[in-house]
Amino acid sequence: MMRAGPSQEEIRRHNLGVLLRHVHLGGPTSRAELTSRMGVNRSTIMALTADLTAAGLVREELPKETGRAGRPSLVVRPESARVYVFAFDVGVDRVVAARVGLGGVILDRRDAPRERGPFDLEALTAQLAGFAHQMLRDTAPDAVCVGAAAAIAGGVRAADGMVKYGPNLGAFDVPFGEELARRLDIGLPVAVGNDANLGALAEHTRGVGVGCNDLIYLHGDVGIGGGVIVGGQLLSGHAGYGGEVGHMVVNPGGRLCGCGSRGCLEAEVGERTVLEAAGRAGGDRVGRDAIRAVVEAADRGDVAAQRALQRVGDWLGVGVANLINIFNPEMVIFGGMLRDIFLGSAAQVRSRIAISALAASREGVRLRTSALGDDATLTGAAELAFAGVLADPLEALARVTSN
């Protein structure tokens, strides 16, 4: 049997999502520009914006200045203060909770250091939920939460958000999303994603990778993770564990990795290796501050720091060359502590890529640092939380307001 084409209602719902996504990612946009981008007529745009305005998702207003003669095109603006999500970021050394408005505006946030050690699910989720409840007290009564999501430094099972493994957090088979949703108690599930995957999503939609449909985001947070965007879509893998590039073996028989293997990219380039090579292991400073201190020392002429960056830069280049050969990306983005490591060893990384990557694949590839900085993974969590309302705005809003 031939499948029937989409109904008018299905087309309308799709177009509502497309329009809202344009405004969410691009900010205030004129009706005329939306008409051009979406390839529909003005009356359709008028009807779509009317529906979204009635639902309280956007508002329309006159432009401040047009510089043109004639009737100005109304500007469609996201209702950032009224429609929001909760986004959480759980790293090795810090946790963040934020209330993020439609359009990607951070309305409120809470940051706290995280002690390294055993993973305490109850204490961590209680802390994050407590931050969210603090922010709720300062939220207008008519504001609507349309989603919640968390980025976490570990492998996350796509089916249910279970954190299957997070060796640098000490987390294994942890029902993190389920427990956080229970403690939040706002009638919404909490989506959970690997931090590097969500960092890739964030840089693709809001960062240095906007307009680039084939990119790799490498994230450093003690260990190393990766997110791969292929054809504009996040590559998640069969069960959701795709992108674990930190456990790609680059030096067989090399340093022991936390996963049990030897010579993984994470073992050869991670925080511990950098600090040991620079003669700074066992000190008071750890995490990104410690890595930045090594890069700053190298800039000042510290020979040990320079040698450390040269060593890890070489292995980082090997890893990136392998990824270039496999995925043929247009861009490779360095985030987290890898942003600082790359800035301190860019010449070594580029040299290794020139030696090890296929000429055709490396031609035109751009190496960049994260535009979103330390908030890349938090931003990705917010985008994951907004996914439902962007896919079907009116149905998603009706669902949450009926709870």
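Asn194 caps the N-terminal end of helix 6, with a side-chain oxygen 3.0 Å from the backbone nitrogen of Ala196. Keep in mind that this is a predicted model.

Staying with helix 6, the helix covers residues 195-206. How far apart are its end C-alpha atoms? They are 16 Å apart, and because 12 residues at 1.5 Å a residue should span 16 Å, the two values agree.

Is helix 6 mostly covered or mostly open? Mostly covered: 10 of its 12 residues are buried. Among them are Asp195, Asn197, Glu203 and His204, along with Leu198 and Gly199.

Five strands make up an open sheet, ordered 6-5-4-7-11, with mixed pairing. On average, neighbouring strands here are turned by 20° against each other, direction ignored.

Inside that order, strand 4 and strand 7 (residues 144-152) run parallel and are joined by seven bridges. One example is Phe86, whose bridge partner in strand 7 is Ala148.

Last, confidence. The protein has an average pLDDT of 92, and 97% of the residues score at least 70. Which element has the highest mean pLDDT, and which the lowest? Strand 4 (residues 83-90) is highest at 98, and strand 9 (residues 163-166) is lowest at 88.

Key. Residues numbered from 1 in each chain as written. Predicted model: local features only at pLDDT ≥ 70, side-chain atom pairs only at ≥ 80, totals over all residues. Heavy atoms only, no water. Helix = DSSP H or I, 4+ residues; strand = E, 2+ residues; numbered from the N terminus. Expected span 1.5 Å × (residues − 1). Buried < 20%, exposed > 50% of the residue type's maximum accessible area, 1.4 Å probe, protein only. Polar contact = N/O pair within 3.5 Å; in protein donor to acceptor, adjacent residues only side chain to side chain. pLDDT = per-residue confidence, 0-100. Pairing = 2+ DSSP bridges. Axes fitted to C-alpha atoms, helices over the stretch in contact; angles between N-to-C directions.
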